[in-house]
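Hello,

Here is the structure we talked about handing over. Please open it first, then read the notes below.

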Amino acid sequence: QQSYDEIFVQGFFQSHPDLFNPLTTTLRSWGESLTLVWSRSFNLYRNSQFADSDLQWAMVPLSDMINHRMGEVNNYIQVFEAQPPHPPHFSLRVSREYKKGEELFISYGDHTSLQYLVFYGMVIPNNPYDFVVFHLKIKNDKGRVLTHSMEVNSTGIIPTWFMHHVGHELNKNLTDFIDLETIDEADRAVNNVRAGALYIADMLQAKLQRLPTSLSDDYMIQAGGGKFKNKNFKPQVVQIHINYKELIHRMISYGHSVVANPMPVAEIIQNVRTMPKLPSLEGYGLALEEINMNMITHTVI
């Protein structure tokens, strides 16, 4: 939006109205154009000093045909400064031995499913770099609604400090201040973790039930069977929903396991004492509120 406003709204629409106008050059068309360029571009340096100020984007014919493979050791790609009589050039060097006829892969980077979809038009099943953003709204004993936000990665493991943080708000009517130095307070910390884990698991389960399709429905959509047999959904978007719903199910299972078997008090106290700052929620994870099948219906082939 910012680049569109700067380049077109405040620029070309005014300086070259004969070539650019809001009816043909829309924010959507600008975004689609950018993703076409980004998905085929390489991060390259203008010289061999590797300074951030010398980093630039470049489109390299033929090289953008190389496929991605998760975990691939990236082959060495670089633009060197000109060395007469040779001009600046693009260099791709393999990092291991290849057999004749074997396909060459590179890594497009470690990204979430949403990033892969937006920038490369693909989604990888069981992507280990996925994370989900969820928001908890809790009313404390004074009636004030507090919002707690958290990112959880593909393991589905919710940090102890966050469960304690949530449970503390739920149990705030019991104490206004928790000092973890006494046995009584340590027991209370365990109860907080249990309460927080149960609250989070129930909230996620309720969210899943409100979605228009279940995980089993998504599997059926992917297989093209059952009541979805005659539907034509974009497979990449179906996969992104599967990835995130699988992650949510892992979070629910983990929450229930903590309620049944909380970790030792000493570990809880240690985790709570080293509580990090709340995450920035930046990046390209998918917010829980955005997980709905409208993404699919808007991108039907």
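His68 counts as buried because its relative accessibility is 12%, under the 20% cut-off. Keep in mind that this is a predicted model.

His68 sits in strand S3, which spans residues 67-68. Its side chain has two polar partners to look at. A polar atom of the His68 side chain lies 2.8 Å from the backbone nitrogen of Tyr108. The side chains of His68 and Tyr116 are joined by a polar contact of 3.5 Å.

Which residues does His68 touch, leaving out those up to four places away in sequence? Phe105, Ile106, Ser107, Tyr108 and Gly109 are on the list, and so are Tyr116, Met122 and Ile124.

Next, the surface. Val37, Trp38, Trp57 and Met59 make a nonpolar patch of about 410 Å². Helix H2 (27-38) and strand S2 (55-59) each give two or more residues to this patch. Trp57 is in strand S2.

**The whole protein**

Now the overall numbers. The protein has 301 residues, and 40% of them are buried. There are nine helices and nine strands. Take the contacts between residues at least 6 apart in sequence: 64% of them join residues at least 24 apart. The accessible surface comes to about 17,800 Å². Carbon and sulfur atoms account for 54% of that surface.

Best regards

Terms used: Residues are numbered from 1 along each chain as its sequence is written. This is a predicted model: local features need pLDDT of at least 70, side-chain atom pairs count only at pLDDT 80 or more; totals for chains, interfaces and linings use all residues. Side-chain values use heavy atoms; hydrogens and water are left out. Helices (H or I, at least four residues) and strands (E, at least two) are DSSP runs, numbered from the N terminus. Buried means under 20% relative accessible area, exposed over 50%, partly exposed in between (1.4 Å probe, protein chains only). A polar contact is a pair of N or O atoms within 3.5 Å; within protein, one must be able to donate a hydrogen and the other to accept it, and residues adjacent in sequence count only if both atoms are side-chain atoms. Contact means heavy atoms within 4.5 Å. Patches are made of residues with over 30% relative accessible area and no salt bridge: like charges are joined within 9 Å, nonpolar side chains (Val, Leu, Ile, Met, Phe, Trp, Tyr) within 5 Å. Accessible areas come from the Shrake-Rupley method with a 1.4 Å probe; for residues, only the protein chains shown count as cover. A salt bridge is a side-chain nitrogen of Lys or Arg within 4 Å of a carboxyl oxygen of Asp or Glu.
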